[in-house]
Amino acid sequence: MASGTNGRVTVAPYGDNNNQQHKPAEATLNGKSASREANGLVPGAKSHPARDEDRSARQSLIILVAIFLTSLFAMLYVYAMFPELDESEKQYLKVPFDIDDAKQLGRVLDRYKDLYNLEVMFGIILVYIFLQTFAIPGSLFLSILSGFLYSFPVALTLVCFCSALGATLCYLLSQLVGRRLVKYYFPERAHHWAQQVDRHRDDLLSYMLFLRMTPFLPNWFINLVAPVIGVPLYPFALGTFLGVAPPSFIAIQAGKTLYKMTSSSDAFSWGSIAMLAAFSVVALVPVIFKRYFKTKID
């Protein structure tokens with residue numbers, strides 16, 4: 001109620017007065033409720049970091065499977081579009097997983113290489129990148145096969161290009177899935193690895209060259225682990241392209257005597273392993289000198 005100037009009493013409508021008093025309070029309550037729900041304080045709130053990470057890991061695996069199936073379909077398409085082969089030769093047109101497979105495939109491709117040079121080279125490139133991308137063994141036999149089919153400069157360029165591109169794609173896939181899985185299941189170890197990489201960040205290219213040249217670590221392992229421990233893409237890709245040249249040199253040279261080989265180990269004698277070890281040490285020389293002069297200056 002309100003008292004007028006003429007002595008009359010004016011009564012405000014109850015509904016209007018009630019709305020004016022309760023609407024701000026209702027808004028305030030709604031605001032607090034929304035704030036509490038956004039902060040995850042209200043039961044049933046949708047903010048669950050662990051659940052989000054688990055969902056993200058599942059989505060990454062689904063994407064990985066989809067990419068693999070798409071790539072496999074592309075491989076089958078290339079196989080279907082390959083020039084018509086004799087029935088006796090079709091059984092040998094497959095990814096080589098031992099030296100006998102490489103010999104049989106080499107005979108078939110050598111026969112068709114002159115007439116279908118681009119088709120044969122494109123097929124080798126695609127298969128090589130596919131194996132490297134999904135960390136599937138067999139790329140060593142393709143390197144040997146490239147040395148058998150092509151001149152040394154062409155074979156070396158082809159192998160280095162395919163290795164770098166395939167390793168980069170494997171790096172990206174591992175970054176998509178591997179980092180999330182490692183951080184989800186091994187957070188402390190992932191943090192420790194990241195610290196180690198940060199400590200040597202200025203010398204990562206030299207370390208990548210060392211890892212690629214050393215004969216004791218397989219390339220697929222380096223491809224999968226590099227993004228997990230935080231190695232940037234640029235030194236990884238460049239270090240791969242340059243670092244695979246010495247071991248590819250040995251494999252390509254072995255390809256010149258493909259029919260005399262009895263196993264893949266024939267390509268890497270103790271002398272070639274010693275040469276790779278020497279190259280890998282040379283790759284670390286800039287790091288050693290940098291630390292030496294830094295110690296002297298300090």
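Let's start at a loop: alanine 135 sits between α5 and α6, where helices (H or I, at least four residues) and strands (E, at least two) are DSSP runs, numbered from the N terminus. This is a predicted model, in which local features need pLDDT of at least 70, side-chain atom pairs count only at pLDDT 80 or more, and totals for chains, interfaces and linings use all residues. Residues are numbered from 1 along each chain as its sequence is written, and side-chain values use heavy atoms, with hydrogens and water left out.

Just after α5, alanine 135 takes a positive phi of about 55°. Most residues other than glycine have a negative phi. Alanine 135 has a relative accessible area of 24%, so it counts as partly exposed. For these labels, buried means under 20% relative accessible area, exposed over 50%, and partly exposed in between (1.4 Å probe, protein chains only).

**The whole chain**

Stepping back, the chain has 14 helices and 2 strands. Of its 298 residues, 34% are buried. A contact here is a pair of heavy atoms within 4.5 Å. Among the chain's contacts with a separation of 6 or more, 76% join residues 24 or more positions apart. The chain exposes about 18400 Å², and carbon and sulfur atoms supply 63% of that. Accessible areas come from the Shrake-Rupley method with a 1.4 Å probe, and for residues only the protein chains shown count as cover.

**Inside: the cores**

A nonpolar core is a set of buried Ala, Val, Leu, Ile, Met, Phe, Trp, Tyr and Cys residues joined through side-chain atoms within 4.5 Å. The largest one has 36 residues, and Leu109, Ile124, Leu145, Leu258 and Met261 have the most contacts inside it. Helices α4 (99-112), α5 (117-133), α6 (139-149), α7 and α12 (245-255) each supply at least two of its residues. The largest share, 8 residues, comes from α5. There is also a second, separate core of 7 residues, including Tyr171, Ile222, Ala226 and Phe236.

Helix α4 has 14 residues and reaches 20 Å from its first C-alpha to its last, close to the 20 Å expected. Its buried residues include Ile99, Asp101, Leu105, Leu109 and Tyr112. Part of what covers the buried residues of α4 comes from α3, α5 and α6.

**Salt bridges**

A salt bridge is a side-chain nitrogen of Lys or Arg within 4 Å of a carboxyl oxygen of Asp or Glu. The structure holds 2 of them, and here they are:

| Pair | N to O distance |
|---|---|
| Glutamate 89 and arginine 111 | 2.5 Å |
| Lysine 94 and aspartate 101 | 3.9 Å |

Glutamate 89 lies in helix α3 (residues 87-90) and arginine 111 in helix α4, so this pair ties together parts that are 22 residues apart in sequence. Glutamate 89 is buried, with a relative accessible area of 10%. In the other pair, aspartate 101 counts as buried at 17% relative accessibility, while lysine 94 is partly exposed at 45%.

Valine 95 is in the loop between α3 and α4. Leaving aside neighbours within four places in sequence, valine 95 is in contact with Asp101, Val127 and Leu131. Valine 95 and leucine 131 are 36 residues apart in sequence, yet their C-alpha atoms are 9.2 Å apart in space.

**Outside: a nonpolar patch**

On the surface, Phe161, Leu165, Leu169, Leu172, Leu233, Phe241 and Leu242 form a nonpolar patch with about 550 Å² of accessible area together. Patches are made of residues with over 30% relative accessible area and no salt bridge; like charges are joined within 9 Å, and nonpolar side chains (Val, Leu, Ile, Met, Phe, Trp, Tyr) within 5 Å. Helices α7 (152-185) and α11 (233-243) each supply at least two residues of the patch, and the largest share, 4 residues, comes from α7. Leucine 169 is found in α7, and its relative accessibility of 34% makes it partly exposed.

Key:
The expected span of a helix is 1.5 Å times one less than its number of residues.
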